[in-house]
Amino acid sequence: GWDREWSEVARRPLMADRSLSARRARASVATLARVDGVEEGRIGAIGYCFGGRAVLDLARLGSGAGVAAVASFHGILDDGDGAEVKDLSDPAAPRVLICHGDADPF
């Protein structure tokens, strides 16, 4: 099952240092891209809650993100303060889908 204390401890350094979170996400994408049968230009990333913030930060890397698209489900929506942001108008930047339950009291 889910352990709230463990989750908070594991997340804390990534919440405090957005560049660490982005580096880990980018390293995960780069590792996946090296797997036989994976088409590098067709990788996508999805995330829920904290993972939603992580994939949005990945998209903020623009064409250097290594993903074609990201989807954030009930992700942490913020202004990206502290996140590296590239030119998102670049046609090679990832496409972004945000699904957020605005009326959810959580």
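**Exercises on a predicted model**

A kink of about 30 degrees lies at Ala 10 in helix α1, shortly before the proline Pro 13; the bend is the angle between axes fitted to the seven residues ending at a residue and the seven starting there. The model is predicted: local features need pLDDT of at least 70, side-chain atom pairs count only at pLDDT 80 or more, and totals for chains, interfaces and linings use all residues. Residues are numbered from 1 along each chain as its sequence is written, and side-chain values use heavy atoms, without hydrogens and water.

**Exercise 1.** Is Ser 21 buried or exposed?

*Solution.* Ser 21 belongs to helix α2 (residues 18-33). Buried means under 20% relative accessible area, exposed over 50%, and partly exposed in between (1.4 Å probe, protein chains only). Ser 21 has 7% relative accessibility and therefore counts as buried. Leaving aside neighbours within four places in sequence, Ser 21 is in contact with Leu 14, Phe 50 and Ala 54 (heavy atoms within 4.5 Å).

**Exercise 2.** In which sense do strands β1 (residues 44-48) and β2 (residues 69-73) pair?

*Solution.* Pairing requires that DSSP finds at least two bridges between two strands. β1 and β2 have five bridges and pair in the parallel sense. Gly 44 has Ala 69 in β2 as its bridge partner.

Definitions and conventions:
Helices (H or I, at least four residues) and strands (E, at least two) are DSSP runs, numbered from the N terminus.
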